[in-house]
Amino acid sequence: MASQRVSRSVLITLAGLGVVSVAFLAGVQAALLVLIGIGFGLALQGYGFGFTGGWRRMIVSRDPSGMVAQMVLMATAALLALPLLAAFPEELVGAVAPISWSLLIGAFVFGLAMQLADGCGSGSLNKAGAGNIYSWAVMPTFILGSFIGASHQPAWIALGGPLDAWASEPGQSFSLSLMPSLGALGATALSLVLCLLVAGLFVRLRATPQQPTSFWNRQWLKAALVIGILYAVHLAVAGQPWGIVYGLGLWGAKIAAGVGIDLTQDAFWGVAPHAARLAEPVLWDITSLTNIGLLFGTMAASRWTNPDGATHHLSAKQWVVGLSSGLILGYSARLAFGCNIGGFLGGVASASLHGWVWFAMAFAGSVFGVRLRSRLGLQ
Amino acid sequence: MTRLTSISLFWAILLALIALDQRQFDKPRAEPPAILLGSGVAASGGHCSGR
């Protein structure tokens, strides 16, 4: 008990020192973003909330409790964020992306790979922060994949999309934000109805009466509410939705530039505004700051709840699957305009159609990913 | 290797990389408002959605 108290005091002191250091090096906003990231990490790890496991439980045992909690998260974030986006259009921006082939293919492949990697963007960071060795195998190639995927993203977007005929301008891919046509109230109401319908659909699909399953989990619902509120706070502080993969790609680009790779002619990292971010400290980048905070938050929560324990060694097969699925996760996330956070949550909480399309494609990919995971004998 | 050792190693590497990155830049930051909401300043950060 005394050692636990010491451990907690050390963690709080380290968090305080880290936040003050970031404030000194990069300013108050940067420090606030690290604090918000710590909050995300504490909520994800402390409540055991995640996307990958929730989807797998639905696919394998028709347990909808994870899906219901995720829809509560989407609804909470949309309810809080959409009025803010409507009231402060000059300062705040949402995540709106086109319905492109890159989105459809990227989200499907991401959904498949997240089952092999046993984590999405937030999930892999969450588990890596908590000391999960498998996620440590995933993370380096996730970073590499995000860097390469971003570099190839312009070429993928140039392929257009299936709905380009309805695009507002010739040569552009079709995108749909509900805000301009429905206003904040209409877009919020429709988003909430969609969340309710999707949650209802999964509840209807739950296991048969012979194998009854509860369709909610109190811990995950608490997590959904906390993360949804933090999402809105992040939007107010940063002016943009919470994201994860952009920061990972930037870390990859910085490492590439650091080892002498010339990115000045790169289609993504060589042009504005990304080239400017590459020429700035990583502590100036919004997604990097919340990623670092999230890593600390998950580490703190895991030390808090389970301070002991040994690391487990990985088999050769786990190394191969972990490294390759990380690469695919990172690459596909950039094609899909983000992971479960930047693409799905960010899209839904910005009333952008691409968020829901992302979810449909990624969930379909996860159905195949769960089967492949089983064939590979992954636990 | 205990989990504490491996986590300590992970953070040592991460902090070393951040310090290495920070050392390469010696320019003052035009610091953004602490909270963008209500500041009159437009968002300008990078995001996965393509901005």
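**A predicted model, chain by chain**

Me: In this predicted model, which residues does Phe110(A) contact, leaving aside neighbours within four places in sequence?
Reply: The model is predicted. Set aside the neighbours within four places in sequence. Phe110(A) is then in contact with Leu329(A), Ser332(A), Ala333(A), Ala336(A), Cys339(A), Ala362(A) and Gly365(A).

Me: How are α2(A) and α6(A) placed to each other, roughly parallel or roughly perpendicular?
Reply: Helix α2 spans residues 28-46 of chain A, and helix α6 spans residues 121-129 of chain A. Their axes come within 10 Å and cross at roughly 85 degrees. The two helices are therefore roughly perpendicular.

Me: How many residues of the contact of α2(A) with α6(A) are polar?
Reply: From α2(A) come Gly41(A), Leu44(A) and Gln45(A). From α6(A) come Ser122(A), Asn126(A) and Gly129(A). None is charged and 1 is nonpolar, while the number of polar residues is 5.

Me: Why is chain B described as more spread out than a compact globule?
Reply: Chain B has 1 helix and 0 strands. For its 51 residues the globule rule gives 10 Å. Chain B is more spread out because its radius of gyration is well over that, at 17 Å.

Me: What percentage of the residues in chain B is buried?
Reply: The C-alpha atoms of chain B fill a box of roughly 50 × 30 × 25 Å along the principal axes. Of the 51 residues in the chain, the buried ones make up 20%.

Technical notes. Residues numbered from 1 in each chain as written. Chains lettered and ligands numbered in written order. Predicted model: local features only at pLDDT ≥ 70, side-chain atom pairs only at ≥ 80, totals over all residues. Axes fitted to C-alpha atoms, helices over the stretch in contact; angles between N-to-C directions. Helix = DSSP H or I, 4+ residues; strand = E, 2+ residues; numbered from the N terminus. Parallel < 35°, antiparallel > 145°, perpendicular 65-115°, else oblique. Contact = placed C-beta atoms within 7 Å. Nonpolar A, V, L, I, M, F, W, Y, C, P; charged D, E, K, R; others polar. Rg over C-alpha atoms; globule rule 2.2 N^0.38 Å. Buried ≥ 20, exposed ≤ 12 C-beta atoms within 10 Å, placed from the backbone.
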